[in-house]
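I opened this entry to keep track of what I looked up in the structure. The notes follow the order in which I went through it.

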Amino acid sequence: MTVVEARALAMPATAGRERMAPVVHRASRMIAAGDGAAAVLVAATANAAPVGLPADVGAVFVLIWLVTVAATGDYRLPGTLPVRARRVGLAALVVPTLVVLATTLAHRPLHAVTTTALCFAAACLGMVCRACLASAARHGFPLAGLVHRVIVAGSSDSIASLLAQLGEADAGRFQVVGTCVADDGACADSPGPVTRGLLTCTGLARACDADAVIVAPDSSLSTADLRRFQWALDEARLESFVWTGVPAPAYGRTSLDRADLALLHVRRPRRFGASHVVKLALDRAVALVALVLLAPLVAALALAVRLDSAGPAFYRHTRVGKEDTRFTMWKLRTMTVHADAGQVTLDHANQASGPLFKVHDDPRVTRIGRWLRRTSLDELPQLLNVLCGQMSLIGPRPALPSEVDRYHPDVRHRLAVHPGITGLWQVSGRSDLSWEESVRLDQQYVDEWSLLLDARILVRTVGAVCRGGGAY
């Protein structure tokens with residue numbers, strides 16, 4: 001099949017371009033117009049403010065800002081909001097130096113602090129514009145150019161695996177618009193038109209107005225075929241992405257090793273490095289200080305628990321820690337004394353999936369217990385477990401022995417680190433999460449752990465506690 005035949009089989013090339021080209025241009029223009037409006041608004045505000053930014057200096061700022069953002073490729077390249085934020089952030093770092101240099105050469109010097117404030121404000125307003133456009137596109141507004149329109153290419157088996165991975169990963173930066181199959185295998189679930197033969201891919205890309213191709217290598221494809229295929233993509237000026245076929249490792253752990261073969265090098269997890277020793281030391285130091293400072297609060301809460309219902313103020317229960325070790329976890333009691341024995345009568349009301357047990361309006365929870373759970377204050381005594389090295393401030397959810405006994409072997413990977421008082425599971429929905437999503441987040445934390453990730457979770461924990469979502 002020739003390229004011309006493939007294009008005819010897919011759809012008329014001109015029809016695709018006539019339908020999509022105006023929309024693609026509109027996306028790039030709207031982003032540029034939003035940045036221009038943001039920069040003009042910031043400059044006009046500074047002109048009216050006590051800073052008294054001269055109009056001509058403001059015009060220079062607007063021009064330099066737009067040129068610098070354009071130089072990052074943000075008006076030309078698709079990308080998700082985090083990707084675009086990095087591009088705009090890079091411009092915000094570069095522009096102050098350029099503006100100060102330009103105004104100094106023009107004998108109209110502008111203070112560096114003022115320039116930095118202007119860039120920060122313009123960047124924030126520009127990202128608001130991008131977020132609004134992305135939201136509009138998700139709600140059906142006909143706006144293209146915000147994501148990659150891609151053709152998936154490879155053998156029928158590798159394409160099926162790639163499409164499944166794209167669906168599971170919810171890769172919002174890719175929109176699959178066509179499929180190019182190298183063999184005669186079936187591709188029933190492939191979105192968009194399908195052509196046969198790798199050399200038909202460029203014609204299909206033109207017909208579907210695609211700007212990139214995702215290649216799914218297969219042992220049935222020879223090195224020579226893949227090389228010729230890449231040459232064809234280069235000549236068609238198409239971006240190309242090569243799928244590795246392995247689960248995506250943590251950001252910062254991968255690099256391309258090109259010493260002799262083109263290999264994807266995945267480094268060891270950071271939890272085996274020196275930074276994890278720093279985490280353990282910080283855990284114990286912070287736990288010790290927090291226990292001393294929060295002792296009066298814990299004592300007051302313990303008294304409130306005793307006054308609210310009969311029974312001890314603290315609840316002790318066996319949990320499973322790192323590498324399947326058992327330990328006694330401390331909490332403020334939020335249920336009636338014989339709550340564990342009464343769980344059998346509530347099995348029919350279990351609203352959780354997997355081995356978990358959760359009831360939204362659990363009758364065993366006391367009045368003050370509901371408030372303690374909503375504010376997460378019932379977990380303060382776990383600082384003692386952190387001080388003893390049994391838990392961490394941040395980590396996977398502490399599991400019950402009965403849950404661990406029912407674990408699939410893959411799920412036991414979450415036991416590779418100490419459980420935490422808070423973690424990705426807490427800041428992402430807590431009890432509202434499904435069992436599968438909870439496991440995925442815990443395993444993601446184990447694989448992607450870093451001190452920076454811990455810091456981000458701590459910041460998000462404040463918002464999660466204030467919202468109180470999923471706490472019951």
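**Strand pairing and the sheet**

Valine 181 belongs to β2, which spans residues 174-181. I found β2 and β3 paired in the parallel sense over three bridges. On its other pairing, β2 runs parallel with β1 over seven bridges. There I noted phenylalanine 174 of β2 as the bridge partner of histidine 148. Is β2 mostly covered or open? I found it mostly covered, with seven of its eight residues buried.

At the β5 end, I counted four bridges between β4 (residues 212-216) and β5, and the two run parallel. Alanine 212 stands opposite glutamate 239 in β5.

Next I looked for groups of buried nonpolar residues. In soluble globular proteins, nonpolar side chains tend to be buried together. The largest nonpolar core here has 27 residues, and those touching the most other members are Leu53, Phe61, Trp65, Val95 and Leu118. Two or more residues each come from α2 (13-48), α3 (55-71), α4 (81-105) and α5 (112-138). Which helix gives the largest share of this core? I found that α5 does, with seven residues.

Leaving aside neighbours within four places in sequence, phenylalanine 61 contacts Ala39, Ala43, Val95, Val99, Leu118, Cys119 and Ala122. There is also a second, separate core of 22 residues, with Ala287, Leu383, Val386 and Ala464 among them.

**Helices α9 and α10**

Two packed helices are described by the angle between their axes and the distance between the axes. For α9 (residues 274-308) and α10 (residues 367-375), the axes come within 8 Å and cross at roughly 150 degrees. From α9 the contact uses Leu301, Ala304, Val305 and Asp308, and from α10 it uses Arg367, Ile368, Trp371 and Leu372. I sorted these by class and got six nonpolar, no polar and two charged residues.

Glutamate 379 lies in the loop between α10 and α11. Why does glutamate 379 count as buried? Its relative accessibility is 11%, and buried means under 20%. Not counting residues up to four places away in sequence, glutamate 379 touches Lys331, Ile421, Gln426 and Arg430.

Proline 269 sits in the loop between β7 (263-266) and α9. At 16% relative accessibility, proline 269 also counts as buried. Beyond residues up to four places away in sequence, I found proline 269 touching Arg253 and Asp447. The C-alpha atoms of proline 269 and valine 446 are 8.4 Å apart, while 177 residues separate the two along the chain.

Valine 147 is in the loop between α5 and β1. Valine 147 is partly exposed, at a relative accessible area of 23%. I put its C-alpha atom 4.7 Å from that of proline 78, which is 69 residues away along the chain.

**Whole protein and confidence**

The protein has 15 helices and eleven strands. Of its 472 residues, 42% are buried. Among contacts between residues at least 6 apart in sequence, 69% join residues at least 24 apart.

The average pLDDT is 82, and 84% of the residues score at least 70. Which elements have the lowest and the highest mean pLDDT? Helix α1 (residues 3-10) has the lowest, 36, and helix α11 (residues 382-387) the highest, 96. Over residues 1-25 the pLDDT stays under 50, and the model has 37 contacts beyond four places in sequence for that stretch. Where pLDDT is low, the predicted coordinates should not be read in detail.

Methods: Residues numbered from 1 in each chain as written. Predicted model: local features only at pLDDT ≥ 70, side-chain atom pairs only at ≥ 80, totals over all residues. Heavy atoms only, no water. Pairing = 2+ DSSP bridges. Core = buried A, V, L, I, M, F, W, Y, C linked by side-chain atoms within 4.5 Å. Buried < 20%, exposed > 50% of the residue type's maximum accessible area, 1.4 Å probe, protein only. Contact = heavy atoms within 4.5 Å. Axes fitted to C-alpha atoms, helices over the stretch in contact; angles between N-to-C directions. Nonpolar A, V, L, I, M, F, W, Y, C, P; charged D, E, K, R; others polar. pLDDT = per-residue confidence, 0-100.
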